[in-house]
Amino acid sequence: MKRVPKFFNTAGPIQSDLHYNVEPLSRIDLEEVEQLIYQQKYFVLHAPRQTGKTSCLLALRDYLNARKEFIAVYANIEAAQAARNDVEEVVHTTASTIAGRVDTLLGNREASELLQAIRKRGEASNSLLTTFLRELCELLPLPLLLFLDEIDALVGDGLVSVLRQIRAGYDQRPQHFPQTVILCGVRDVRDYRIVLSNQDIVTGGSAFNIKAMSLRLGNFTRENIHDLYMQHTAATGQEFAEECFPLIWEATEGQPWLVNALGYEMTMNMRENRDRSIRIIPEMIYRAQENIIYRRETHIDILIDKLREERIRNVIGPILANEDAETAGHLKDDDIQYVIDMGLITRSKPLRIANAIYKEIIPRELTCRT
């Protein structure tokens, strides 16, 4: 098979044989994560969308499995979102997703067969996940570490049921329940505002009060950006003028998707630059930036969609008006934190829009919507 040259990744988890990349495990405090695991803690990893959370979880899974002390399983449970407040469907989909991932990792169908047997016994949906995880841990030869990605894609009764069923088996770890569970999403679990089908409101913290810590995955550093782009230079010989790097930082402030999108735009979509003898210069960065905004790439489209939310507009409005959003009397702290978690603003003094690209997009879109 012909070897595909590496490129800047803008879609899905990193594949090191295909993509220029910042080593995922270098972006987390691995020593702290290992300590939490050995202490049998349940914790949260959160960050804005398109920041590299999944890549970090997959790298952590592989790193831990290679040590043969645990069975580390990654499962993206976003598919259960479609069921919303249908608790039975949410729980069944979540359990099925976990079972499928275990089967793939171990190369058999024991987890899926176990889940099928539990269903045949008529286990109630409000305890099925607890029972499945307990019996799965009793079946496995090593302690189970469970990484649940996109947990905050779930809503309402379904989300509460999943969180509470994980909490229900916590005291039985590690012989009879996962030694560690990592919940991964855009927001910290304490910031989940869950509206149940009867319109009662609960917080994620009350549904999952066994959380030991929340870790936040940050953006790339200036050094990360430079090293990432130098991988392209090393692979192709194409150079970047040094004056480019301050502009890339200003445009992105290290937001991983934006960093990679600019790199891909300049080296692939701007077709003349596929001639690797052409040196990348600052003017090309401005062109690439405008191209990305104009085409409304998926990440940009999601950003624009978020601006429809009133709680986001309420926070960003004062910032655009050069007011201090944190001191605005009508704003709630959790609304401000929500917008920070979306990656739209930074926790500086005063609060500000996260980067130059967002500073171009957000005022345009808010003006169009008023």
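A search of the whole structure, which is a predicted model, finds 0 disulfides, a disulfide being a pair of cysteine sulfur atoms within 2.5 Å. The closest cysteine sulfur to that of C56 belongs to C184 and lies 8.6 Å away, which is too far for a bond. C56 is buried, because its relative accessible area is 3%. The term buried means under 20% relative accessible area, exposed means over 50%, and partly exposed lies in between, with a 1.4 Å probe and protein chains only. C244 is likewise classed as buried, at 1% relative accessibility.

Residues are numbered from 1 along each chain as its sequence is written, and side-chain values use heavy atoms, with hydrogens and water left out. Because the model is predicted, local features need pLDDT of at least 70 and side-chain atom pairs count only at pLDDT 80 or more, whereas totals for chains, interfaces and linings use all residues.

T54 is placed in helix α2, which covers residues 53-66; helices (H or I, at least four residues) and strands (E, at least two) are DSSP runs, numbered from the N terminus. The relative accessibility of T54 is 19%, so T54 counts as buried. When residues up to four places away in sequence are not counted, T54 touches P13, Y74 and D149, where contact means heavy atoms within 4.5 Å.

Helix α8 comprises 15 residues, 222-236, and reaches 22 Å from its first C-alpha to its last, close to the 21 Å expected at 1.5 Å a residue. That expected span is 1.5 Å times one less than the number of residues in the helix. The buried residues of α8 are N224, I225, L228, Y229, H232 and T233. Their cover includes the strands β1 (7-8) and β2 (19-20) as well as the helices α9 (244-252) and α10 (256-269). After α8 comes G237, with a positive phi near 85°.

**Salt bridges**

Side chains of opposite charge can pair when their charged atoms come close. A search of the whole structure finds 17 salt bridges, each defined as a side-chain nitrogen of Lys or Arg within 4 Å of a carboxyl oxygen of Asp or Glu.

| Salt bridge | Closest N to O distance |
|---|---|
| R287 and E272 | 2.8 Å |
| D305 and R308 | 2.0 Å |

R287 forms its salt bridge with E272. This pair links distant parts of the chain, with R287 in helix α11 (residues 282-295) and E272 in the loop between α10 and α11, 15 residues apart. R287 counts as partly exposed, at 32% relative accessibility, and E272 is partly exposed with a relative accessible area of 39%.

E290 counts as partly exposed at 34% relative accessibility, and R364 is partly exposed with a relative accessible area of 41%.

In the salt bridge between D305 and R308, D305 counts as partly exposed at 40% relative accessibility, whereas R308 counts as exposed at 51%.
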